[in-house]
Amino acid sequence: MKRDEIRATLMACLSDVAPEIAEEEVEDDVDIRDELDLDSMDILRWVQGIHKALGVEIPEEDYGKMTSLGDAIDYVAGRI
Amino acid sequence: MAEFVMPSLGADMTAGTLGRWLVTVGDRVSQGDIIAEVETDKGTIEVEVFTGGVIEALLVGEGEKVPVGTALAEIGEAGTALESASAPVSAPASASASRSRGIMTLGGSGDLDGPMATPAVRRRAHELDVPLQGLSGTGEHGRITREDVEQAAVAEVQAPSGDRVRISPYARRLARQRQIDFTDVQGTGPEGAIAARDLEGAPAKASAESPKKRMQRAIAAAMTRANDEIPHYYVEHAIDMGTALEWLREKNQSLSVNERLVSGVLFLRAVARALRKHPLLNATWQGREVIQGDGSHVGLAVSLRGGGLVAPALRDADQGSLSELMARMTDLVSRARAGAMRSSEMTSATITLTSLGERGVESVTPIIFPPQVAIVGFGAILTRPWVVDDQIVARPIVRVTLGADHRVSNGHQGARFLVALDRFLQEPDKL
């Protein structure tokens with residue numbers, strides 16, 4: 001799976017959690033919790049969405065490796 | 001016969017606009033069914049009915065603003081009303097009931113003024129935001145079919161300017177919620193119909209107050225009232241979350257990703273359990289009277305990402321497993337952010353839980369939502385020096401602040417509530 005395809009899937013999962021977030025306002029290198037005002041429940045729902053869409057299991061202790069969209073893409077790319 | 005009235009969906013609500021009926025005359029309803037949408041300053045609220053039976057009359061038309069307590073519909077007993085409804089339903093309705101205010105009645109004259117459609121078709125109409133009133137049915141005896149509804153899904157409607165335009169139901173709902181004037185919007189949908197995407201950048205109605213502004217006004221009114229009228233007192237307590245977080249970590253390792261819990265659900269359950277033990281904080285102050293709460297219904301302060309704040313109640317939060325509570329909490333927060341709260345969630349809480357810890361602040365000193373009598377604020381869980389067995393160790397600590405109404409309880413009772421909360425969090429396996 002190409003990086004831009006993973007990005008699109010992760011963004012789609014993020015949109016399910018927070019539909020009001022426009023894709024163009026999400027930069028790959030910013031802290032998504034801080035910039036997009038996401039809380040732990042949002043992150044959990046995002047992780048659940050990624051699991052459903054790509055089959056990637058993300059353990060709780062790895063949430064810290066997905067602080068930005070770019071980090072999350074790298075993390076998921078390494079596990080597909 | 002029972003009356004279904006305009007509910008009070010908040011302490012400062014004096015009137016509401018009947019946005020949409022989800023039932024029609026002759027429909028059988030059960031307790032808890034959502035039968036109408038009411039537009040308030042807090043958004044569109046789905047209103048449940050608390051009496052089962054058959055809708056005998058709709059007394060208020062869509063779009064009408066009426067005072068709280070106004071009868072909106074009449075509900076008859078299921079047996080008798082169904083009998084009287086059965087005859088008109090089996091043949092095309094004579095439609096002689098008053099339409100002057102969008103009113104529909106059933107009963108005295110024996111007339112039925114409601115479109116004929118099966119529950120499945122009504123559900124589809126609700127999904128597609130298609131009002132059944134005025135639709136011509138192509139089914140047997142003029143019954144409205146699923147195809148009728150779907151064909152009507154993209155239909156001509158009157159724009160705010162008075163012009164007729166084609167617009168999808170979803171776009172129409174969006175335009176109503178955002179107060180958008182879609183008169184000059186170029187549609188890109190089927191047959192040039194306006195789709196939701198076409199509304200981006202469309203102007204708001206000239207005289208309309210945005211929902212965000214209305215919500216801000218409602219919050220301002222409630223908080224000003226709370227600050228003016230409620231003699232708050234505060235007590236604060238630091239809680240060692242080490243045991244709870246370790247239990248949560250181990251628990252989540254044993255659960256599938258779809259069943260994982262967050263620390264917020266432990267806070268919620270602990271508050272609900274502590275509330276049971278301290279009934280003075282489980283009440284509302286109405287007029288000059290304390291009204292005891294009938295369960296353990298905890299309001300959740302939910303910030304909306306576009307601005308604004310709502311605090312719907314999670315009813316009976318002391319009941320069921322933590323997994324069930326987590327699912328209910330997720331559903332409630334999602335619906336609150338999507339503007340799909342229910343009437344029972346707007347009025348039943350006696351205490352609200354607000355957590356700003358995830359935004360990094362150490363503590364919060366919150367203001368009570370009237371007519372509730374208490375609010376509990378959680379700060380961030382931060383690693384702090386803590387004394388255990390005369391040794392200073394690093395522990396995850398959360399500062400919890402209780403704000404309560406001094407007319408109803410006092411600091412001594414508030415302190416006992418926080419200590420009870422602490423004890424519950426020290427035994428997470430029992431939550």
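Author: Two strands pair if DSSP finds at least two bridges between them. Keep that rule at hand as we walk through this predicted model.

Reader: What makes strand 5 and strand 19 of chain B a pair?

Author: Strand 5 (residues 43-48) and strand 19 of chain B are joined over two bridges, in the parallel sense. The rule asks for at least two bridges, so the two strands of chain B count as paired. As a landmark, look for B:E46, which stands opposite B:R342 in strand 19 of chain B.

Reader: Which sheet do these strands belong to, and what makes strand 19 of chain B an edge strand?

Author: They sit in an open sheet of five strands of chain B, ordered 7-2-4-5-19, with mixed pairing. Strand 7 (65-67) and strand 19 (341-342) of chain B each have a single partner strand, so one side of each has no neighbour in the sheet.

Reader: How do you know that strand 4 of chain B pairs with strand 2 and with strand 5 of chain B?

Author: Count the bridges again. Strand 2 (residues 15-21) and strand 4 of chain B run antiparallel and are joined by four bridges, with B:T17 opposite B:E39. Strand 4 and strand 5 of chain B, also antiparallel, are joined by six bridges. One bridge there links B:T40 to B:G43, and the two strands of chain B form a hairpin with two residues between them.

Reader: Why is strand 4 of chain B called largely enclosed?

Author: A residue is buried when its relative accessible area is under 20%. Five of the seven residues of strand 4 (residues 34-40) of chain B are buried, so the rest of the structure largely encloses this strand.

Reader: Why is B:A374 called buried?

Author: The relative accessible area of B:A374 is 0%. The cut-off is under 20%, so B:A374 is buried. Leaving aside residues up to four places away in sequence, B:A374 touches B:L281, B:T350, B:I351, B:T352, B:I368, B:L402, B:G403 and B:A404.

Reader: Where does B:A374 lie, and which residue is its bridge partner in strand 22 of chain B?

Author: B:A374 lies in strand 21 (residues 374-388) of chain B, and B:A404 is its bridge partner in strand 22. Strand 21 and strand 22 (residues 391-405) of chain B pair in the antiparallel sense over 13 bridges.

Reader: Turning to the two chains, what makes A:R33 and B:E358 a salt bridge?

Author: Their side chains meet at 3.3 Å, N to O. The limit is 4 Å, so the pair qualifies as a salt bridge. The count between chain A and chain B is seven salt bridges. Helix 3 (residues 40-54) of chain A gives the most to the side of chain A that touches chain B, with eight residues. By class, that side of chain A has ten nonpolar, three polar and nine charged residues.

Reader: How many residues are in contact, and what area do chain A and chain B bury between them?

Author: In chain A, 22 residues are in contact with 18 residues of chain B. The two chains bury about 1700 Å² between them, 44% of it on carbon and sulfur atoms. A:D37, A:M41 and A:E60 supply 32% of the area that chain A buries against chain B, more than any other three residues.

How values were computed: Residues numbered from 1 in each chain as written. Chains lettered and ligands numbered in written order. Predicted model: local features only at pLDDT ≥ 70, side-chain atom pairs only at ≥ 80, totals over all residues. Heavy atoms only, no water. Contact = heavy atoms within 4.5 Å. Buried area = accessible area lost by both parts, 1.4 Å probe. Nonpolar A, V, L, I, M, F, W, Y, C, P; charged D, E, K, R; others polar. Buried < 20%, exposed > 50% of the residue type's maximum accessible area, 1.4 Å probe, protein only.
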